[in-house]
Amino acid sequence: MATQEVQIVARNPDIVGENPLWDPDDQRLYWTDNRSQRVHRLDPATGAVETVVEGQSFYAFTLQADGSLLLFMDRTRVGAAQAGGPVQPVIDGLPGEREARFNDVVADRLGRVVAGVIPLEGGTGSLYSVGLDGSATLLAGGLEMPNGMAFSSDDRLLYVAETRGRRVALFDYDLDSGTVSNRRVFIDLSGQEGTPDGITVDADGCLWVALSGGWSVVRYDPSGADLSRVEFPARKMTSIGFGDNDLSTAYVTSSSRQSVPDEEIGPEGGALFAFRPGVAGVLEHRSRVSVEGGQPIP
């Protein structure tokens, strides 16, 4: 599979870029820098980048069926916003999780959202399901920093990166009930350079994993075999998603944040990258969570 040269699409640079998500309606790519408290939007046709939502730590988001953003924030709060508009409250924190925060999220084909929650200091994280009515249900606990998530093409499997566990977990997913079962290890990355962060699947059913600390993203087949690797001039690759009108371009976010003084991040840490891997992606599902009116989140 021929891979074209990696291109730098935008040099913000992001402190911690995450969640590259393509909107086929406006032909734009959205992503968040959760440390600078902004959601960006790229027009690939012109290269223009604009900030569409700001002022909160937006750790992840989905696109709603109406085109708005469903935003997952600190203290396990959820908000909603149209591009350029205020953030309206949807959920004012999950019971028992107000000292934690959301991490990555993914919508299923019915419009629910599976969301990872991690404690602010130590301990293990959890998976929650946010239903169409806005209610939240605990799906699984004991995950070592749940991070990127992706569904198989039939929504029967849910992949979850466990960053601190240095593995990608795999669950059976029941679309009717929105529940998970049969947790097992899909990829074990212990002993390798980098830890799994954001993930996505392509049209061939293969899984792409961004390696934070590994200078690369890696493609794995459905059995977990390593197929190919794309390297970048940034050490902390944070997430990957497909975009453009034929979903043939892979967009990859990165981080410029130093976890320790003088940590190497690479010459282009924090940039947004793109490459054409020779295989198309899969359009992400839209969330359909009910959004009640409320006062904007300050």
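The notes below take the pockets, then the cores, then a hairpin.

This is a predicted model, in which local features need pLDDT of at least 70 and side-chain atom pairs count only at pLDDT 80 or more, while totals for chains, interfaces and linings use all residues. Residues are numbered from 1 along each chain as its sequence is written, and side-chain values use heavy atoms, with hydrogens and water left out.

**Pockets**

- A pocket is taken on a 1 Å grid over the protein atoms alone, as an open set of points where a 1.4 Å probe fits, with protein on both sides within 12 Å along at least five of seven lines, and its lining residues have an atom within 4 Å of a point.
- The largest pocket holds about 570 Å³ of space, where a volume is the space filled by probe spheres set on grid points joined across faces, edges and corners.
- Its lining comprises 25 residues, with Arg35, Met145, Ser212, Arg257 and Ser259 nearest the centre, and strands E10 (100-107), E11 (113-119) and E18 (195-201) each give two or more residues to that lining.
- Strands are DSSP runs of at least two residues (E), numbered from the N terminus.
- By class, the lining of the largest pocket has six nonpolar, 10 polar and nine charged residues, where Ala, Val, Leu, Ile, Met, Phe, Trp, Tyr, Cys and Pro count as nonpolar, Asp, Glu, Lys and Arg as charged, and the others, Gly among them, as polar.
- The second largest pocket holds about 220 Å³ and is lined by 14 residues, of which Gln7, Val9, Thr249, Tyr251 and Ala274 lie nearest its centre.
- Strand E1 (7-11) gives the most to the lining of the second largest pocket, with three residues.

**Nonpolar cores**

- A nonpolar core is a set of buried Ala, Val, Leu, Ile, Met, Phe, Trp, Tyr and Cys residues joined through side-chain atoms within 4.5 Å, buried meaning under 20% relative accessible area with a 1.4 Å probe and protein chains only.
- Of the 24 residues in the largest core, Trp208, Val217, Phe232, Val252 and Phe275 touch the most other members, and the largest share of this core, five residues, comes from E24.
- Apart from it lies another core of 17 residues, among them Phe102, Val105, Val113 and Val289.

**Strands E18 and E19**

- Seven of the seven residues of E18 are buried, so this strand is largely enclosed by the rest of the structure.
- E18 pairs with E19 in the antiparallel sense over five bridges, pairing requiring at least two bridges found by DSSP.
- Threonine 195 has serine 212 of E19 as its bridge partner, and in the hairpin of these strands, with five residues between them, glycine 205 takes a positive phi near 80 degrees.

Notes:
Helix = DSSP H or I, 4+ residues; strand = E, 2+ residues; numbered from the N terminus. Buried < 20%, exposed > 50% of the residue type's maximum accessible area, 1.4 Å probe, protein only.
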